[in-house]
Amino acid sequence: MNHVVYARICEEEGTEPVELPVEADGTLLLPTLTAQFPKCTGLKYKSEDSGCFRGLRLVGDHIYPPVETEWDNVFYCVFPKDKKRKGDEDTEDTKQKVKCLEGRKCTDLIVLNLAWQTDETKLRNYFSQFGDLVMVQIKKDPDTGKSRGYGFVRFNDYSGQAMCLAERHMIDGRLCDVRIPLSKQEGDRQEVSRKIHVGNLPESIGADALRQHFLQYGLVIDVFIPKPFRSFAFVTFDDPDVAASLLGKDMTIQGHKVTIGSAVPKLPSHVRQSPAFENAGGNLRSPYPGSPVAHGPLWNSPWSPALGMFPGGGAYGGSPNGGLRNSMGLNPAAAAAAATLAAQYTRAHQ
């Protein structure tokens with residue numbers, strides 16, 4: 001049986017050597033070397049005569065030992081200078097990722113669809129699992145002090161924010177949506193989606209009667225009747241799906257028929273009182289599909305005075321208001337009013 005010779009190979013100085021078998025012709029195969037040390041292209045050793053490193057001769061896949069010492073020395077791997085070893089690459093990638101995260105700034109995260117009973121303590125306890133928090137806030141109704149169904153959190157480190165955004169969140173039995181807010185009004189739009197408008201309401205029906213009636217559909221967290229009385233009320237549910245399921249329905253409460261529509265935010269007074277708004281007829285319908293809430297004809301209807309399109313008028317007829325029309329049949333002042341209204345509601349309900 002032939003005696004097997006082994007060469008002692010270290011990845012670098014200061015590391016433990018690995019013994020690799022030498023071929024019968026006295027050479028070490030390069031594939032044998034790279035199997036243990038990937039990306040290694042050769043070997044070197046320290047000369048006792050000069051104290052310098054000396055490289056070994058490579059011919060094809062065969063590495064030849066020094067003539068004077070054969071494989072008695074300890075040899076070190078040679079790696080290309082323009083390529084880093086796997087371990088170095090992993091370390092550099094990790095450093096770059098950490099540096100990237102450190103350079104990113106945290107932002108407020110909006111937490112939507114919160115249950116009404118969720119308070120700031122519960123919210124902090126839940127999100128603390130992802131990292132240290134510098135801010136936890138639940139938006140509340142200034143009159144009732146009750147939760148409006150959404151809040152905000154901010155992490156101290158960006159890594160915590162990144163981990164939080166990568167997860168789904170079940171808080172107090174509710175699947176909550178956590179993300180970077182699209183706008184400052186996003187939480188308010190969610191509140192509108194939980195709220196319904198009850199129209200044709202008689203003054204004899206009070207808040208308690210409304211609450212009792214709508215409890216059959218879902219949890220009611222607020223009932224608001226304006227004062228002085230104006231024949232309508234707002235009912236806010238805990239679940240926005242309940243509010244959406246009631247839109248467009250006619251109901252009978254204590255023998256009185258009422259209409260259910262969406263709670264469209266009121267336009268600012270400076271817009272409603274503007275001459276352009278008055279020229280447009282002050283007409284606007286709810287932007288929510290299927291909602292019966294309306295204050296006159298659709299502003300973008302072919303019959304709407306907002307666009308000056310009356311029967312017999314159009315692009316080729318005269319304006320009932322005496323104004324000049326452009327080639328599309330639009331009264332310039334009315335068109336400007338329509339654009340103002342569209343911009344207001346686009347910003348509020350995107």
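# A chat about strands, rings and a buried loop residue

Visitor: How do β14 and β16 pair, and over how many bridges?
Guide: In this predicted model, strand β14 (residues 195-199) and β16 pair in the antiparallel sense, and five bridges join them.

Visitor: How many residues of β16 are buried?
Guide: Strand β16 covers residues 232-237 and is mostly covered, with six of its six residues buried.

Visitor: And which way do they point from β16?
Guide: F232, F234 and T236 point one way, A233, V235 and F237 point the other way, and all of them are buried.

Visitor: What about β15, how does it run against β16?
Guide: Strand β15 (residues 220-224) runs antiparallel to β16, and four bridges join the two. Across that pairing, F224 stands opposite F234 in β16.

Visitor: Changing topic, how many aromatic pairs does the structure hold?
Guide: The structure holds ten aromatic pairs. One of them is formed by Y45 and F75, which are edge-to-face, at 5.7 Å centre to centre and with 65° between the planes.

Visitor: Why does that pair tie together separate parts of the chain?
Guide: Y45 lies in strand β4 (residues 42-46) and F75 in strand β8 (residues 74-78), so the pair ties together parts that are 30 residues apart in sequence.

Visitor: Are those two buried or exposed?
Guide: Both Y45 and F75 are buried. Y45 and F75 also form one aromatic cluster together with W71.

Visitor: What about F53 and Y76, why is that pair edge-to-face?
Guide: The ring centres of F53 and Y76 are 5.9 Å apart and their planes stand at 90°, so the pair counts as edge-to-face, given that planes over 60 degrees apart are put in that class. This pair links distant parts of the chain, with F53 in strand β5 (residues 53-55) and Y76 in strand β8, 23 residues apart.

Visitor: What are the relative accessible areas of F53 and Y76?
Guide: F53 has a relative accessible area of 34% and is partly exposed, whereas Y76, with 17%, is buried, because buried means under 20%.

Visitor: What sits over the ring of F53?
Guide: The charged end of K44 sits over the ring of F53, 4.6 Å from its centre.

Visitor: Let's move on to T118. Where is its place?
Guide: T118 is in the loop between β9 (109-112) and α3 (120-127). T118 is buried, with a relative accessible area of 2%.

Visitor: Which residues does T118 touch?
Guide: Leaving aside residues up to four places away in sequence, T118 touches L123, I138, I171 and D172.

Visitor: And the sheet with β9 in it, what is the order of its strands?
Guide: Five strands form an open sheet in the order β10-β11-β9-β13-β12, and the pairing is antiparallel. Its edge strands are β10 (133-140) and β12 (169-171), each of which pairs on one side only. On average, neighbouring strands of this sheet are turned by 30° against each other, direction ignored.

Visitor: How many bridges join β9 to β13?
Guide: Three bridges join β9 to strand β13 (residues 174-179), and the two run antiparallel. V111 has V178 as its bridge partner in β13.

Visitor: Which strands does α3 touch?
Guide: α3 packs on the sheet and touches β9, β10, β11 (147-155), β12 and β13, and its direction makes about 140° with that of β10.

Visitor: Last one: how many helices and strands are in the protein chain?
Guide: There are ten helices and 18 strands in the protein chain, and buried residues make up 37% of its 350 residues.

Definitions and conventions:
Residues numbered from 1 in each chain as written. Predicted model: local features only at pLDDT ≥ 70, side-chain atom pairs only at ≥ 80, totals over all residues. Heavy atoms only, no water. Buried < 20%, exposed > 50% of the residue type's maximum accessible area, 1.4 Å probe, protein only. Phe/Tyr/Trp six-rings, centres within 6.5 Å; stacked < 30°, edge-to-face > 60°. Lys NZ or Arg CZ within 6 Å of the ring centre and 35° of its normal. Pairing = 2+ DSSP bridges. Contact = heavy atoms within 4.5 Å. Axes fitted to C-alpha atoms, helices over the stretch in contact; angles between N-to-C directions.
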